[in-house]
Amino acid sequence: MEEIYFRGFLLVRLEGRYGFRPASWISALLFAAYHLITFRSWFSPPLLLLVLSALTFAGLVLNHITNRYKSLLPVWLIHALMNITIFSVILPYIKNQQVFLLNKPGHTNNMQFSLPDYAKTLVLHRFTMVK
């Protein structure tokens, strides 16, 4: 769904109005902002800034690939591989099927989710965002 909206719809509309480079930046920044909804409570502000920077860069790369190949298929595959890779990097840090999320400064308790709850939260978040 993200690729259809950010690259199949938004990038194309903005490119027609502003040209590719400005459209790519706007789309990439909005792509990062969309993920802010999920990640804002997971990371401290410095880490959140790093994550948002990486998401903006990923958005720019995916926009370039979409523009180069004039197809969403390559970016769907790349986005899926990125999500799988990110999740597989997290897996070694999961102990006893618990995900420990980083606290914001001043918070004293860690948020904990079982792995099934974590997956369910991500899925529900994605479906509730599409309205």
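The model is predicted, so local features are given only at pLDDT of at least 70 and side-chain atom pairs only at pLDDT 80 or more, while totals for chains, interfaces and linings use all residues. Residues are numbered from 1 along each chain as its sequence is written, and side-chain values use heavy atoms, with hydrogens and water left out.

**Overall fold**

- The chain has five helices and two strands, where helices (H or I, at least four residues) and strands (E, at least two) are DSSP runs numbered from the N terminus.
- Along the sequence, these elements follow the pattern α-α-α-α-β-β-α.
- Of the 131 residues, 29% count as buried, a term that means under 20% relative accessible area, with exposed meaning over 50% and partly exposed in between (1.4 Å probe, protein chains only).
- Among the contacts with a separation of 6 or more, 58% are between residues 24 or more positions apart, contact meaning heavy atoms within 4.5 Å.

**Packing of α1 with α3**

- The axes of helix α1 (residues 2–18) and helix α3 (residues 45–69) come within 11 Å and cross at roughly 70°; axes are lines fitted to C-alpha atoms, for helices over the stretch in contact, and angles run from 0 to 180 degrees between N-to-C directions.
- The two helices α1 and α3 are therefore roughly perpendicular to each other, the class for angles of 65 to 115 degrees, whereas under 35 counts as roughly parallel, over 145 as roughly antiparallel and the rest as oblique.
- On the α1 side, Glu3, Phe6, Arg7, Leu11 and Glu15 meet Gly59, Leu62, Asn63, Thr66 and Asn67 of α3.

**Aromatic and charge–ring contacts**

- The structure holds four aromatic pairs, rings of Phe, Tyr and Trp (its six-membered ring) being paired if their centres lie within 6.5 Å, with planes under 30 degrees apart counted as stacked, over 60 as edge-to-face and the rest as tilted.
- Tyrosine 5 and phenylalanine 6 form an edge-to-face pair, at 5.1 Å centre to centre and 80° between the planes; tyrosine 5 is partly exposed at 40% relative accessibility, whereas phenylalanine 6 is buried at 6%.
- One aromatic cluster is formed by Tyr5, Phe6, Phe9, Phe31 and Tyr34.
- Arginine 7 lies over the face of phenylalanine 31, 4.7 Å from the ring centre, under the criterion that NZ of Lys or CZ of Arg is within 6 Å of the ring centre and within 35 degrees of the ring normal.
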